[in-house]
Amino acid sequence: MLEYSMLYPRTTLSRRSISMDGMWKFCTDAKSAGEQEGWNDGIPGNDRIPVPASFQDFYTEKDIREFAGDVWYEKDMFVPGEWERKKIFIRFGAATHRAVVYVNGRRITEHEGGFLPFLADVTDAVRYNAYNKVVVKVNNELTVTNIPCGETHILPDGKKMNRPYFDFFNYAGLQRSVHLVAVPREYIFDFDLQYALSGKNASVHYAVKTTGEHAVELSLLDQTGKEVATAKGKNGTLEVENARLWRVHDAYLYRLVVRILDGDAIIDEYEQNIGIRTVEVKGTSILLNGESVYLKGFGKHEDSDIAGRGFNICMMKRDFELMKWIGANSFRTAHYPYSEEIYEMADQEGFLVIDEVAAVGMFESLMNFMEASTGKKTAFFEKETTPILLKAHKRAIEELITRDKNHPCVIAWSLLNEPETTNEAAVPYFKEVFELAHALDVQKRPRTFALIMNSVPGACKCYSFSDIIALNRYYGWYVKGGYEISEAEVLFRKEMDEWKALNLNKPFLFTEYGADTLGMEHKLPSVMWSQEYQEEYLNMTNAVFDSYDFIRGEQIWNFADFQTTEGILRVNGNKKGIFTRQRQPKDAAYLLRKRWKELPPYYKA
Ligand code: GCB
């Protein structure tokens with residue numbers, strides 16, 4: 001079990017949460033000399049940057065945008081005197097990719113893994129009714145012993161450079177909200193929920209963990225605030241009569257209130273919206289509340305101008321509006337767990353989320369999708385350092401599932417993106433991560449991973465671990481693009497026939513397919529990169545999807561254009577977006593909208 005609580009910070013009767021977002025002091029530390037120079041007591045200079053945000057895209061110097069190493073943040077925080085008998089935490093929504101936290105010069109904690117929250121317990125380090133200095137050292141170097149994988153390279157001029165094994169810019173910093181939190185000494189630490197439907201009624205089985213022995217009580221409120229069920233004890237069941245289910249685009253949310261009681265007095269209270277729904281894979285179907293659902297949507301990124309990968313509340317709103325407009329019902333959080341606010345919005349809007357851990361780049365190449373289509377084989381999971389990587393990966397899965405398990409929107413866990421699977425060494429590695437996810441999730445949601453181009457029947461040793469077979473395929477782009485598209489279709493169908501012949505009796509989902517397209521480029525007849533070609537490409541792939549019954553969803557790559565490392569294959573970023581980076585539609589958006597709006601509700605059921 002994690003040593004700190006993952007519950008989202010909220011102010012309730014017994015809890016306080018103060019946002020620490022805003023401008024923080026900032027500096028880079030090219031020599032990694034910060035500690036020696038005493039920066040834990042206060043960082044030099046007078047520069048300030050916004051939090052949450054990636055630090056890279058504010059500046060005009062390339063050395064900052066491309067910076068690899070330590071960067072430092074600082075902020076003064078006032079701790080109210082009335083909090084004196086409470087537990088005090090600073091909660092970081094994420095620090096990419098690793099961080100050390102100091103308060104009043106004292107080292108408090110460290111955390112590795114750039115896309116999940118952690119708490120710094122500052123109870124014994126703070127001064128009350130006074131300002132306290134918070135300093136955070138954040139490091140963005142890529143390694144093969146943590147996720148996402150990559151290398152850090154030293155250039156002849158001595159500068160460090162990140163070399164991601166993945167295709168998105170290595171944005172970093174304090175990219176998510178920071179909160180100062182106070183909770184009672186005895187507090188609600190975590191809870192699990194599991195649903196069973198029978199006729200019109202639902203049972204919500206629960207297990208609550210607290211840090212003490214006092215009694216626990218639960219209350220469930222409907223949207224009018226009326227109490228519809230109560231229960232007592234750390235484990236039990238809330239019985240809900242005439243339950244309103246959480247459905248796609250009709251997402252009824254109840255309010256769960258958990259309390260620790262001392263007689264009539266409330267020691268701690270925590271509230272969270274929950275949705276009553278079941279998820280299951282049966283044969284080739286993905287079932288939501290027992291009904292088959294065909295996934296339509298996107299692989300996304302958290303990515304926008306200036307803020308980079310920083311949580312951007314305006315982009316979030318726009319993205320959901322665009323997804324509704326185009327007729328999508330789902331997305332995958334490629335290639336890392338997203339900001340928690342995005343899952344809350346998906347809960348409210350009724351979107352289905354495949355929640356991905358940051359296990360990307362497990363294929364030794366800077367452009368893994370290119371290598372994979374050449375059929376080249378590497379043995380990524382046979383390194384001396386693999387056990388260290390596995391440990392970090394498992395830790396991230398535990399943090400992910402603990403953070404996100406109670407979001408109704410989360411219907412599946414994606415445990416890796418495009419790993420190398422053609423070598424036997426991958427098998428024991430996969431076994432551990434898949435078993436762990438199963439053990440941690442009381443709802444036993446389906447697990448999956450996205451298969452790279454060369455992970456085909458006959459070569460891939462790992463697909464049988466997946467409950468949903470998720471394919472990333474680029475026939476007509478990396479393989480036989482342009483005028484050769486008819487040959488791409490033949491090869492695509494040949495591969496799908498091979499999968500069909502295996503008779504796996506599992507749902508297949510396309511987690512990636514797409515064609516780079518410049519938002520301004522038109523050409524009749526088409527050429528690759530033109531808007532016309534993106535449409536031709538989609539007509540071909542859609543015809544293939546419609547030909548196989550066991551294909552139960554299509555999530556195109558990508559929702560929007562996004563920033564990558566510079567290079568000859570990327571025109572200031574990856575342009576496979578159906579929308580531009582500024583979230584305006586390319587022509588293909590209208591084609592997809594027509595298709596997705598016209599597909600029948602229980603398509604292929
Ligand atoms: C992939 C990767 C994704 C890339 C995409 C592409 O297979 O999973 O991260 O961005 O291909 O566009 O090449």
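User: Let's start at the ligand. Where does a polar side-chain atom of Y474 lie relative to an oxygen atom of the ligand?

Analyst: A polar contact is a pair of N or O atoms within 3.5 Å; within protein, one must be able to donate a hydrogen and the other to accept it, and residues adjacent in sequence count only if both atoms are side-chain atoms. Here, a polar side-chain atom of Y474 is 3.3 Å from an oxygen atom of the ligand. For Y478 the distance to a ligand oxygen is 2.3 Å, and for an N or O atom in the side chain of E418 it is 2.4 Å. The protein covers 98% of the 320 Å² of accessible area that the ligand has on its own; such areas come from the Shrake-Rupley method with a 1.4 Å probe, and for residues only the protein chains shown count as cover.

User: Before we go on, what kind of model is this?

Analyst: This is a predicted model, in which local features need pLDDT of at least 70 and side-chain atom pairs count only at pLDDT 80 or more, while totals for chains, interfaces and linings use all residues. Residues are numbered from 1 along each chain as its sequence is written, and side-chain values use heavy atoms, with hydrogens and water left out.

User: Back to the ligand, then. Which residues come nearest?

Analyst: A residue is near a molecule or strand if one of its heavy atoms lies within 4 Å of it. Of the 14 residues around this ligand, the nearest are D167, H335, E418, Y478 and K576. The shell splits into five nonpolar, four polar and five charged residues. In that count, Ala, Val, Leu, Ile, Met, Phe, Trp, Tyr, Cys and Pro are nonpolar, Asp, Glu, Lys and Arg are charged, and the others, Gly among them, are polar.

User: Now for a loop. Is N289 buried or exposed?

Analyst: Buried means under 20% relative accessible area, exposed over 50%, and partly exposed in between (1.4 Å probe, protein chains only). N289 has 12% relative accessibility, so it counts as buried. You'll find N289 in the loop between strand 23 (285–288) and strand 24 (291–292). Helices (H or I, at least four residues) and strands (E, at least two) are DSSP runs, numbered from the N terminus.

User: What is N289 in contact with?

Analyst: Contact means heavy atoms within 4.5 Å. Leaving aside neighbours within four places in sequence, N289 contacts L197, L245, W246, R247, I276, R277 and T278. With W246 there's a polar pair too: a polar atom of the N289 side chain is 3.0 Å from the backbone oxygen of W246.

User: And the backbone: which peptide bonds are cis?

Analyst: Look at omega. The bond from V51 to P52 is cis, with omega near 5 degrees, and P52 sits in the loop between strand 3 (48–51) and helix 1 (62–65). Another cis bond joins L524 and P525, with omega about -5 degrees. P525 belongs to the loop between strand 31 (508–512) and helix 8 (531–547), and K523 is in that loop as well.

User: Which residues have a positive phi without being a glycine?

Analyst: Check out N242, with phi of about 45 degrees, and K444, at about 50 degrees. N242 lies in the loop between strand 17 (235–240) and strand 18 (246–247) and is exposed, at 52% relative accessible area. K444, in the loop between helix 6 (426–440) and strand 29 (447–451), is partly exposed at 40%.
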